[in-house]
Amino acid sequence: MGEGLGQATVEVNAMDPMRELPLGFGMALCANPGAMAYFERQTPSRQRAILERTHSIRSAREMKAFVAGLGQE
């Protein structure tokens with residue numbers, strides 16, 4: 001029984017990119033349905049890689065440009 005609990009804990013603690021979107025990235029995705037659809041189609045590991053790239057973005061304008069470029073890489 002304890003073993004199953006440990007496995008569940010690992011699954012719960014695993015990053016779910018769709019639940020842990022930075023606010024600015026989420027807002028920019030909502031404003032760009034094409035980019036949102038692209039992001040949603042990606043594998044979780046690809047979503048995490050995209051999210052990692054958002055950490056260096058410092059303005060709403062930069063974020064909007066980043067999101068506009070999703071899928072056009």
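Two rings of Phe, Tyr or Trp count as an aromatic pair if their centres lie within 6.5 Å, and planes over 60 degrees apart make the pair edge-to-face. By that rule the structure, a predicted model, holds two aromatic pairs.

**Aromatic pairs**

In one of the pairs, the ring centres of F25 and F39 are 5.3 Å apart and the planes stand at 80°, so this pair is edge-to-face. F25 sits in helix 2 and F39 in helix 3, 14 residues apart, and the pair thus links distant parts of the chain. F25 and F66 also form an aromatic pair, a tilted one, with 6.3 Å from centre to centre and 50° between the planes. This pair too links distant parts of the chain, with F25 in helix 2 and F66 in helix 5, 41 residues apart. Through these ring pairs F25, F39 and F66 are joined into a cluster.

F39 counts as buried because its relative accessibility is 0%, and F66 counts as buried at 15%.

| Residue | Relative accessibility |
|---|---|
| F39 | 0% |
| F66 | 15% |
| T54 | 4% |

**The nonpolar core**

The largest nonpolar core has 13 residues, and those that touch the most other members are F25, L29, I50, M63, F66, V67 and L70. Helix 2 (23-30), helix 3 (33-41), helix 4 (44-54) and helix 5 (60-68) each supply at least two residues of this core. Leaving aside residues up to four places away in sequence, L29 touches L21, A35, M36, F39, V67 and L70.

**Helix 3**

Which residues of helix 3 are buried? They are A35, Y38 and F39. Seen down the helix axis, these buried residues fall within an arc of 95°, so they line one face of helix 3. P33 and R41, on the other side of helix 3, are exposed. The cover over the buried residues of helix 3 includes helix 2, helix 4 and helix 5.

**Helix 4**

The buried residues in helix 4 include Q47, I50, L51 and T54. Down the axis of helix 4, its buried residues fall within an arc of 100°, so they too line one face of the helix. An α-helix has 3.6 residues a turn, so residues three or four places apart point the same way. Helix 2, helix 3 and helix 5 are among the elements that cover the buried residues of helix 4.

What does the side chain of T54 meet? A polar atom of the T54 side chain lies 2.6 Å from the backbone oxygen of L51. Not counting residues up to four places away in sequence, T54 touches P22, F25, M63 and F66. Two of these contacts, F25 and F66, form the tilted aromatic pair.

Key
Residues are numbered from 1 along each chain as its sequence is written. This is a predicted model: local features need pLDDT of at least 70, side-chain atom pairs count only at pLDDT 80 or more; totals for chains, interfaces and linings use all residues. Side-chain values use heavy atoms; hydrogens and water are left out. A nonpolar core is a set of buried Ala, Val, Leu, Ile, Met, Phe, Trp, Tyr and Cys residues joined through side-chain atoms within 4.5 Å. Buried means under 20% relative accessible area, exposed over 50%, partly exposed in between (1.4 Å probe, protein chains only). Helices (H or I, at least four residues) and strands (E, at least two) are DSSP runs, numbered from the N terminus. Contact means heavy atoms within 4.5 Å. The arc is that of the directions from the helix axis to the C-beta atoms. A polar contact is a pair of N or O atoms within 3.5 Å; within protein, one must be able to donate a hydrogen and the other to accept it, and residues adjacent in sequence count only if both atoms are side-chain atoms. Rings of Phe, Tyr and Trp (its six-membered ring) pair if their centres lie within 6.5 Å; planes under 30 degrees apart count as stacked, over 60 as edge-to-face and the rest as tilted.
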